[in-house]
Amino acid sequence: MDTPESHIARACLDAYAALPKGGGKPQKRSNGRNEWTILAGCVLETHPSKFTVIALGTGVKCTPYERISPHGDVLNDCHAEIICRRGARVWLLDRLLAEISSDDIIIDDIPRIFHIANGSHAPVQYSLQQHVHLHLYISTLPCGEASSIALYARHTLEDGHKSLYPHPAHVPRLIRGRIRPDIETSECILRTKPGRRDAPPSISMSCSDKILVWNAIGIQGAFLSSWLTSIFLTSVVISMPQETHMGIHQKEYESKCVWALNYRGSSLHNHKLKVSFVSICFPDSRESVELRTHQEYGVAQADENWSKVEPEPCAASILWVPGYKMESLLGGVKLGASTKRKNGGPLPASSWSMICKRAWFLKLIRSQKVLNEPYYSLSYYESKHPLHASGRQHYIKAYQSEKSQLRGNTDSKTRISLFLEQIHKDPEHESMASPSASDAPLAAWLVTPRKWTDFIVEG
Ligand SMILES: [Zn+2]
């Protein structure tokens, strides 16, 4: 059926199909294993039924904490949704600059999307026009709380019986990855990104958690806040074909998603995000590739030989933003690019993705120069956390203050050390309570410490 949701999903799947094969797209490995991935797309709606894909991302990996670069030149979180949101920000900034420097009513076939938000008060801030909407398409449920019932159902199917876990003595505030998907609570649980239990842990928060935050303070982030008022997603469209329901009614998945991405704790005053499911399949999804593998090798998932042909997640990611060449990424840098550091310094610029912190910061500095705006020679961290509230810094400060109302202001280093210590002591550790005394709704959030974001770039 032709609904706006199916248009959004189709637009993303068509844009993905049009991108070159190979590179970061899933492939068949030399040992015959097929690969799968997750796709996310950001879609701009300018008129009813006029949808433009402004960013695509794929990927399922993230960098362990111990390998985070202090130069901002490696993408830590390579999940599709996160790559896509960062790509969308690049498109939005380019678009803003194009609209500021032109009087045309239509630019690149799209009518102007921004208008001045704050009248005569300087400096000028822009907003999305009221009739313009942004949608996020995801080829499966986002990791974290939104997918916990699906994960639990999968465990149960694989075990052949309902998985039994002892009831936790207290509801944890923060859980590592996929552990304890069974916990049903009205309280807000945050999760780090899933990964193999024997792999070094990451401190990246799950996509469900990040979408929840975008839904509270916008997708634009601190830097773009200096020019743009908060930009919210209008809807999230998720591919959920009947075959992936695992005996659970779609309504249950929907209500869990709405709760996980919108509310999760009464003190969150969120913009209401619409969640829609479509039955359209992403051809490189885990389920589609499993089905193809079954047909190709004649081995069913229940067979003991399945483990020999079972598809593997694709380690690479792709990023595509209209007007730019598609990027293939591996380990957070361009596929095949140098990962050698001279004297511990940053990687060569040819290795960076255009959405890594370093390249993004550089783009912002260059944009300030294009707009003849004052530029301060500060580190990435200092620019994101200005001490003064003059000029545009006022807007960044306001954004940060909203963010700290959500996460509280507790010491991130202590919180991370406790988290890692607990995992080190007991890798199977079920959960942990937040060591934070703050009553902020997302106080258990693991914030990247300043030492990883204090780099300077030469504009
Ligand atoms: Zn994710």
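The model is predicted: local features need pLDDT of at least 70, side-chain atom pairs count only at pLDDT 80 or more, and totals for chains, interfaces and linings use all residues. Residue numbers start from 1 along each chain, following its sequence as written.

Helices (H or I, at least four residues) and strands (E, at least two) are DSSP runs, numbered from the N terminus. Two strands pair if DSSP finds at least two bridges between them.

**The sheet, strand by strand**

- Strands of a sheet pair through backbone hydrogen bonds, in either a parallel or an antiparallel way.
- β13 (235-239) and β14 (274-278) are parallel partners, joined over five bridges. Within this pair, S235 has K274 of β14 as its bridge partner.
- β10 (133-138) also pairs with β13, again in the parallel sense, over four bridges. Here Y137 has V237 as its bridge partner in β13, and I138 stands opposite I238.
- β2 and β10 run antiparallel and are joined by six bridges. E45 finds its bridge partner in β10 at H133.
- A residue is buried if 20 or more other C-beta atoms lie within 10 Å of its own, exposed if 12 or fewer, and partly exposed in between, with C-beta atoms placed from the backbone.
- β2 is mostly covered as well, with seven of its nine residues buried.

- Helix α1 covers residues 4-18, and its 15 residues reach 21 Å from first C-alpha to last, close to the 21 Å expected at 1.5 Å a residue. The expected span is 1.5 Å times one less than the number of residues in the helix.
- Which residues of α1 are buried? They are E5, I8, A9, C12, L13, A15 and Y16.
- Seen down the axis of α1, these buried residues fall within an arc of 160 degrees, so they line one face of the helix. The arc is that of the directions from the helix axis to the C-beta atoms.
- D14, A17 and A18 are exposed on the other side of α1.

**The nonpolar cores**

- The largest nonpolar core holds 90 residues, of which C12, L56, Y137 and V236 touch the most other members. Helix α2 (residues 80-100) gives this core its largest share, seven residues.
- A nonpolar core is a set of buried Ala, Val, Leu, Ile, Met, Phe, Trp, Tyr and Cys residues joined through C-beta atoms within 7 Å.
- Leaving aside residues up to four places away in sequence, C12 touches L39, G41, V43, V53, L56 and Y137. Contact means that the C-beta atoms of two residues, placed from the backbone, lie within 7 Å.
- A second, separate core has 15 residues, including Y65, I203, A444 and W445.

**Helix α6**

- Helix α6 (residues 250-262) has 13 residues and reaches 18 Å from its first C-alpha to its last, close to the 18 Å expected at 1.5 Å a residue.
- Its buried residues are Y253, K256, C257, A260 and L261. They cover an arc of only 115 degrees around the axis, which puts them on the same side of α6.
- The cover over the buried residues of α6 includes α3 (148-159), α4 (207-217), β13 and β14.
- Just after α6, R264 takes a positive phi of about 45 degrees.

**An exposed loop residue**

- S350 is in the loop between β18 and α9 (357-370). It counts as exposed, with 9 C-beta neighbours inside 10 Å.
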